[in-house]
Amino acid sequence: MKLTDSFASGKFVVTSEVGPPKGTDTSEMLGNAELLKPRVDAVNVTDQQSSVMRLGSLVSSVLLKQRGVEPIYQVTCRDRNRIALQSDLLSAWAAGIENVLCLTGDYVSLGDFPQAKPVFDLDSVSLLVSAMKLNNGLDLADNKLQGVPDFCLGAVVTPAADPLEPQLVKMEKKVRAGASFIQTQGIFDAERFAAFVNQAKDFGVPIIAGIILLKSAGMARFMNENVAGVHVPDPLIQAMAKAEDRVQKSIEIAARLINEVKDLCQGVHIMPIGWERHVPAVLDAAGL
Amino acid sequence: MLVSERKSMEEIKSFLVGESKVFLLGCDGCAAASGTGGEQDILELKQQLEKEGIQVVGSKVIEFLCQKALVRRGLKPYASALRQADSILVSTCGIGVQATATVVDMPVHPACNTISLGGIRGEWQGEERCLECGQCYLDITGGICPLTACTKQLVNGPCGGAKDGRCEFEPDARPCGWQLIYERLKSLDRLDVLRQAPSLLKDYAQMQPPKRIRSTSKWAVDIETKEEIATT
């Protein structure tokens with residue numbers, strides 16, 4: 001089922017994500033997907049997240065689909081040129097994948113193969129253009145396709161970026177190129193998110209707010225230092241540091257954030273980062 | 001030596017939409033040798049523009065536009081003409097356009113594409129770099145090259161990886177190229193040019209040296225020398 005159909009039904013959309021393993025043992029990933037299945041509309045499958053080499057997102061998405069979990073197949077431009085990207089998109093549709101999230105991808109230096117040749121033949125915008133052309137029966141060189149996909153395409157944006165304006169310029173390009181939903185980088189500040197929504201709402205696409213589950217004060221500080229576009233405010237770090245039950249505190253913070261942003265957007269995307277088992281409790285606490 | 005070729009008048013005119021007065025800048029170095037930036041080339045460009053109804057309020061050919069000190073000194077006597085102009089149209093390689101853009105406080109448009117010589121580089125002492133990509137984008141990026149300023153060589157805007165205006169790769173050494181482009185465009189009030197630009201798709205075939213250059217002295221000076229020896 002396409003994510004756009006979920007939005008069309010008027011419901012508040014919930015997505016989450018799983019990360020393919022380093023290796024071929026898919027039991028943990030599929031277990032997490034099964035656990036999320038009854039509570040979410042779709043599950044993102046990350047593509048070599050943080051440039052770390054793992055099992056591919058295409059096959060992983062297909063494995064989810066086979067188990068009745070609706071995948072959002074993440075595709076980045078770091079590792080494949082336009083020939084491979086277009087081919088993978090055709091393969092995905094042939095295997096039943098309907099939702100695709102188009103990203104530029106982290107630089108190779110962040111992962112375990114900093115020596116690799118970075119590709120970036122396309123970027124998030126031209127990848128969307130290319131996927132949209134496939135939807136219209138043509139490849140990037142205007143050759144006609146025999147059998148045509150009909151993807152629901154998504155893109156990402158960083159609402160806490162400073163300055164925000166270049167992100168908005170690019171978001172507009174992504175929407176013009178064919179993105180029909182937006183998932184955001186993790187947010188922790190509802191007021192800042194509201195300011196972003198206020199500027200982005202004219203683009204007319206559903207926005208899904210990214211919610212990262214905080215696991216500890218140390219993790220929050222690490223993200224503030226190292227992860228672009230993520231800022232955990234001090235009071236939340238203090239709350240995590242003082243908490244006797246970190247899981248309970250994390251659930252409480254996430255649920256509160258969801259309720260603060262619920263009326264501003266059309267859905268939430270929970271990034272559990274290893275705490276997939278706690279996602280149902282977060283959704284319970286948020287009343288979703 | 002960097003080889004430049006004039007863009008089509010159609011593309012040049014698309015840069016000048018909404019402008020009526022332009023100042024022309026040529027380069028007496030490689031661009032003169034390429035037939036794009038010498039005195040005669042600039043005169044011809046002036047006539048072509050005027051035929052298209054674009055007013056040229058002044059022109060200047062400077063030796064080595066890649067040298068910012070020379071650009072600054074060369075433009076000084078033209079301050080009043082530059083004040084009248086909406087922009088500067090620079091007919092030279094990508095480095096000359098970028099060097100000019102850093103020393104003036106007004107829009108700078110590239111009149112040329114820089115053609116690949118397959119790795120040979122001109123000598124320069126400034127920060128500007130040109131990949132000889134054959135599809136100069138400097139018009140929409142405020143005179144800062146996205147291929148050399150952005151680690152990922154992104155042409156449609158920034159990724160989400162920059163933090164505090166620094167690149168995710170070697171943040172201590174690299175500013176985010178798109179942050180620089182954003183700041184430049186913002187200061188020139190030209191962010192709309194980027195916003196409205198169509199999605200760009202790079203043609204990497206243009207980054208191979210074209211066949212037509214390979215048999216000429218632009219490719220290797222000794223091609224001509226060999227021929228001369230053979231005939232004498």
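**Close-up views of a predicted two-chain model**

**View 1. Strands S1 and S2 of chain A.** Strand S1 (residues 13–18) of chain A is joined to S2(A) by four bridges, and the two strands run parallel; strands pair if DSSP finds at least two bridges between them. The model is predicted, so that local features need pLDDT of at least 70 and side-chain atom pairs count only at pLDDT 80 or more, while totals for chains, interfaces and linings use all residues. Residues are numbered from 1 along each chain as its sequence is written, and chains are lettered from A and ligands numbered from 1 in the order in which they are written. Helices (H or I, at least four residues) and strands (E, at least two) are DSSP runs, numbered from the N terminus. Opposite Glu17(A) stands Asn44(A) in S2(A). Strand S2 (residues 42–45) is covered on both faces, with Ala42(A) and Asn44(A) buried on one side and Val43(A) and Val45(A) buried on the other. A residue is buried if 20 or more other C-beta atoms, placed from the backbone, lie within 10 Å of its own, exposed if 12 or fewer, and partly exposed in between.

**View 2. Helix H2 of chain A.** In helix H2 (residues 27–36), Met29(A), Asn32(A), Ala33(A) and Leu36(A) are buried. These residues fall within an arc of 100° seen down the axis of H2(A), so they line one face of the helix; the arc is that of the directions from the helix axis to the C-beta atoms. Their cover includes S1, S2, helix H3 (57–66) and helix H11 (279–286) of chain A.

**View 3. Helix H7 of chain A.** Phe193(A), Phe196(A) and Ala200(A) are the buried residues of helix H7 (residues 190–200). They lie on the same side of H7(A), because their arc around the axis is only 60°. Glu191(A) and Asn198(A), on the other side of H7(A), are exposed.

**View 4. Helices H5 and H6 of chain A.** H5(A) and H6(A) pack with their axes 8 Å apart, at an angle of about 10°. H5(A) is therefore roughly parallel to H6(A), a term for angles under 35 degrees. Among the residues that make the contact are Leu128(A) and Met132(A) of H5(A) and Lys173(A) of H6(A).

**View 5. The side of chain A that touches chain B.** Here 25 residues of chain A are in contact with 23 residues of chain B, contact meaning C-beta atoms, placed from the backbone, within 7 Å. Helix H5 (124–135) and helix H6 (165–177) of chain A are the elements that give two or more residues to this side. The largest share, seven residues, comes from H6(A).

Key: Two residues are in contact if their C-beta atoms, placed from the backbone, lie within 7 Å. Axes are lines fitted to C-alpha atoms, for helices over the stretch in contact, and angles run from 0 to 180 degrees between N-to-C directions. Angles under 35 degrees count as roughly parallel, over 145 as roughly antiparallel, 65 to 115 as roughly perpendicular and the rest as oblique.
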